[in-house]
Amino acid sequence: MIRAVIDADRCEGHARCVARAPELFDVDDEGKSFVLTGEIPPELAGAAAAAAQACPERAIFLHND
Ligand code: F3S
């Protein structure tokens with residue numbers, strides 16, 4: 001199972017993660033990204049990886065449990 005974790009200390013609200021994977025990420029009122037789903041379905045694994053790579057702050061970590 002793939003999970004995404006956001007490092008809130010790193011996130012600066014660039015929202016590139018949301019642009020790449022709006023099914024998986026959103027940004028709250030304080031400009032911090034959060035994950036919309038606990039388990040990333042296999043068909044969205046590529047989008048999750050693209051979102052992580054697109055983050056200029058390297059704030060997104062993907063864990064494959
Ligand atoms: Fe934050 Fe990176 Fe997304 S800075 S809003 S996790 S692109």
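Arg58 is placed in the loop between helix α2 and strand β4, where helices (H or I, at least four residues) and strands (E, at least two) are DSSP runs numbered from the N terminus. The phi angle of Arg58 is near 55°, a positive value in a residue other than glycine. Ala15 has its place in the loop between β1 (2–6) and α1, and its phi, near 65°, is likewise positive in a residue other than glycine. Most residues other than glycine have a negative phi.

This is a predicted model, in which local features need pLDDT of at least 70 and side-chain atom pairs count only at pLDDT 80 or more, while totals for chains, interfaces and linings use all residues. Residues are numbered from 1 along each chain as its sequence is written, and side-chain values use heavy atoms, with hydrogens and water left out.

**Overall build**

The protein has two helices and four strands, and along the sequence these follow the pattern β-α-β-β-α-β. A compact globule of 65 residues would have a radius of gyration near 11 Å, and the 10 Å of the protein agrees with this; the radius is taken over C-alpha atoms, and the globule rule is 2.2 Å times the number of residues to the power 0.38. Taken along the principal axes, the C-alpha atoms fill a box of roughly 30 × 20 × 20 Å.

Of the 65 residues, 29% count as buried, a term that stands for under 20% relative accessible area, with exposed meaning over 50% and partly exposed in between (1.4 Å probe, protein chains only). Contact here means heavy atoms within 4.5 Å, and among contacts between residues at least 6 apart in sequence, 57% join residues at least 24 apart.

**Helix α2 and its surroundings**

Which residues of helix α2 (residues 45–54) are buried? They are Ala47, Ala48, Ala51, Ala52 and Ala54. Seen down the axis of α2, these buried residues fall within an arc of 165°, so they line one face of the helix; the arc is that of the directions from the helix axis to the C-beta atoms. On the other side of α2, Gly46 and Gln53 are exposed. The buried residues of the helix pack against α1 (16–20), β2 (25–27) and β4 (60–64).

Ala49 also lies in helix α2. Although Ala49 and Val27 are 22 residues apart in sequence, their C-alpha atoms are 18 Å apart in space.

**Ser33 and its contacts**

Ser33 is found in strand β3 (residues 33–35). Leaving aside neighbours within four places in sequence, Ser33 is in contact with Ile6, Cys11, Cys17, Phe25, Asp26 and Val27.

The table gathers the accessibility of the single residues discussed in this report.

| Residue | Relative accessibility | Class |
|---|---|---|
| Ser33 | Ser33: 10% | Ser33: buried |
| Ala49 | Ala49: 29% | Ala49: partly exposed |
| Ala15 | Ala15: 32% | Ala15: partly exposed |
| Arg58 | Arg58: 46% | Arg58: partly exposed |

**Surface and charge**

The protein exposes about 4,000 Å², of which carbon and sulfur atoms supply 47%; accessible areas come from the Shrake-Rupley method with a 1.4 Å probe, and for residues only the protein chains shown count as cover. How far apart are the mean positions of the positive and negative charges? For the 6 positive and 12 negative charges, these mean positions are 9 Å apart. Lys and Arg count as positive and Asp and Glu as negative, while His and the chain ends are not counted, and the place of a charge is taken as NZ of Lys, CZ of Arg, CG of Asp or CD of Glu.
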